[in-house]
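Here is a briefing on one protein model and its ligand.

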Amino acid sequence: MAIDLNTGSGTGNSKIKNSFGLAVAQMGPVHLNDSRVAVVARLLEMMREAASRGAKMVVFPELALTTFFPRYWMDDAEVNARFFEPSMPSAETQPLFDLAAQLKIGFYLGYAELTADGHRFNTSVLVDENAKIVARYRKIHLPGHSDHKPDAPFQHLEKKYFEVGNEGFGVTDMLGTRIGQCLCNDRRWPETYRVMSLQSARIVVLGYNTPSWNIHWSEPPHLRMFHHLLSLQANAYQNGLWVAAAAKCGAEDGFHMIGGSAIVAPTGEIVAQAQSEDDEVIFSNCDLGLGETFLQHVFNFAKHRRPEHYKLITERTGAGEPLSASALKTTQPQE
Ligand code: ING
């Protein structure tokens, strides 16, 4: 069924003609010894709160079911057994799906995926209002390292514990609109959003776990929050998107991660932001037509983009030498 992306069928009790009630459920710390049952109980409570605010969808964080375990050097057998999900839903997460179906609310959930044939991904899923998993995303931009840095205050072993995602940046028609998803470090890369906005996404949702400390240089702490919000705001504006980002934050066994969960409008403005570093639900009635203004004019992709001049973006991985004048020249495309 074709969806008119600009009228949507969102509910939301607001005067906005095509409002979409969107909630972000920020999580406070999850400690090494916290059980999945205890964590899921927190998620259930926030899902109820989100539904009570009129949300059609609630966004949970990256790796929402466990502590941010890439900060620890562990052998694979232990890490697989303690932190990965061999199935979704599982016995512990089934209550989340049951409540979602009861409340008729969709959700995004980040978790560590262990496939039947032993592959490991940092994964998120989009679940519709009937608790059906309608999309899966496997994190593409993996930060950190794969080697053990014993002298560092903590590790960041996403390149050890996860493979690069192999299913691309897809978008999904659900809840009366078109939604894309990504994870944490992906939000810092403009390519992430552009690929999804070129597929006409109207909303991009994501979870993150962002350490406050930089183990590579003494980065002033305020820059973590600044760069996080800058990434969301710039890319929301430049792609005519609503962007919703859910942190898992606070000090997990003493290791601090930033909060700053936010909902950002296609204007680039922050319309809702978490104030705590604990479990907290933020909500906005999003006008799905708001992006139209930008996508019809300043960011009218079809009218203004010139991909014939952008080839380096997909041809080169790292920065290299300047292109020659002749290589820079292109033949004007047929109008
Ligand atoms: N965490 C961090 C993030 O991208 C990071 C890692 C922080 C990279 C700051 C660069 C700068 O938000 C995850 N999990 O990707």
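How far does the backbone oxygen of S200 lie from a polar atom of the side chain of R202? The two are 3.5 Å apart. The model is predicted, so local features need pLDDT of at least 70 and side-chain atom pairs count only at pLDDT 80 or more, while totals for chains, interfaces and linings use all residues. Residues are numbered from 1 along each chain as its sequence is written, and side-chain values use heavy atoms, with hydrogens and water left out.

**Ligand site**

- The ligand sits in the largest pocket.
- A pocket is found on a 1 Å grid over the protein atoms alone: it is an open set of points where a 1.4 Å probe fits, with protein on both sides within 12 Å along at least five of seven lines.
- A molecule sits in a pocket if more than half of its atoms lie within 2 Å of the pocket's grid points.
- There are 13 residues around the ligand, and E158, C184, N185, R188 and T210 come nearest.
- A residue is near a molecule if one of its heavy atoms lies within 4 Å of it.
- The shell around the ligand divides into six charged, four polar and three nonpolar residues.
- In that division Asp, Glu, Lys and Arg count as charged; Ala, Val, Leu, Ile, Met, Phe, Trp, Tyr, Cys and Pro count as nonpolar; the others, Gly among them, count as polar.

- The side chain of E158 has an N or O atom 2.8 Å from a nitrogen atom of the ligand.
- For the side chain of E62, the distance from an N or O atom to a ligand nitrogen is 3.3 Å.
- An N or O atom in the side chain of R188 lies 2.9 Å from an oxygen atom of the ligand.
- The ligand taken alone exposes 370 Å², and the protein buries 83% of that.
- Accessible areas come from the Shrake-Rupley method with a 1.4 Å probe; for residues, only the protein chains shown count as cover.

- R202 lies in the loop between α5 (190-197) and β8 (203-208).
- Helices (H or I, at least four residues) and strands (E, at least two) are DSSP runs, numbered from the N terminus.
- Is R202 buried or exposed? R202 is buried, because its relative accessible area is 8%.
- Buried means under 20% relative accessible area, exposed over 50%, and partly exposed in between (1.4 Å probe, protein chains only).
- L290 is 88 residues from R202 along the chain, yet their C-alpha atoms are separated by 9.6 Å.
- S200 is in the loop between α5 and β8.
- S200 is partly exposed, since its relative accessible area is 27%.
- Phi of S200 is positive, about 65°, although S200 is not a glycine.

**Other backbone features**

- M88 and P89 are joined by a cis peptide bond, with omega about 0°.
- P89 is in the loop between α2 (76-83) and α3 (94-103).
- L63 is a residue other than glycine with a positive phi, near 45°.
- The loop between β2 (57-59) and α2 holds L63.
- Why does L63 count as buried? Its relative accessibility is 1%.

- S261 is in the loop between β11 (255-257) and β12 (262-264).
- S261 counts as buried because its relative accessibility is 0%.
- A polar contact of 2.6 Å links the side chains of S261 and Q26.
- A polar atom of the S261 side chain also lies 2.9 Å from the backbone nitrogen of A247.
- T123 belongs to strand β4 (residues 120-127).
- T123 counts as buried, because its relative accessibility is 0%.
- The side chains of T123 and E113 make a polar contact of 2.7 Å.

- L43 is in helix α1 (residues 36-52).
- L43 is buried, with a relative accessible area of 0%.
- F154 is in the loop between β5 (133-138) and α4 (158-161).
- F154 is buried, with a relative accessible area of 11%.
- F154 and F255 are 101 residues apart in sequence and 8.2 Å apart in space, C-alpha to C-alpha.

Notes. A polar contact is a pair of N or O atoms within 3.5 Å; within protein, one must be able to donate a hydrogen and the other to accept it, and residues adjacent in sequence count only if both atoms are side-chain atoms. On a 1 Å grid over the protein atoms alone, a cavity is a set of points where a 1.4 Å probe fits but cannot get out, and a pocket is an open set with protein on both sides within 12 Å along at least five of seven lines; lining residues have an atom within 4 Å of a point.
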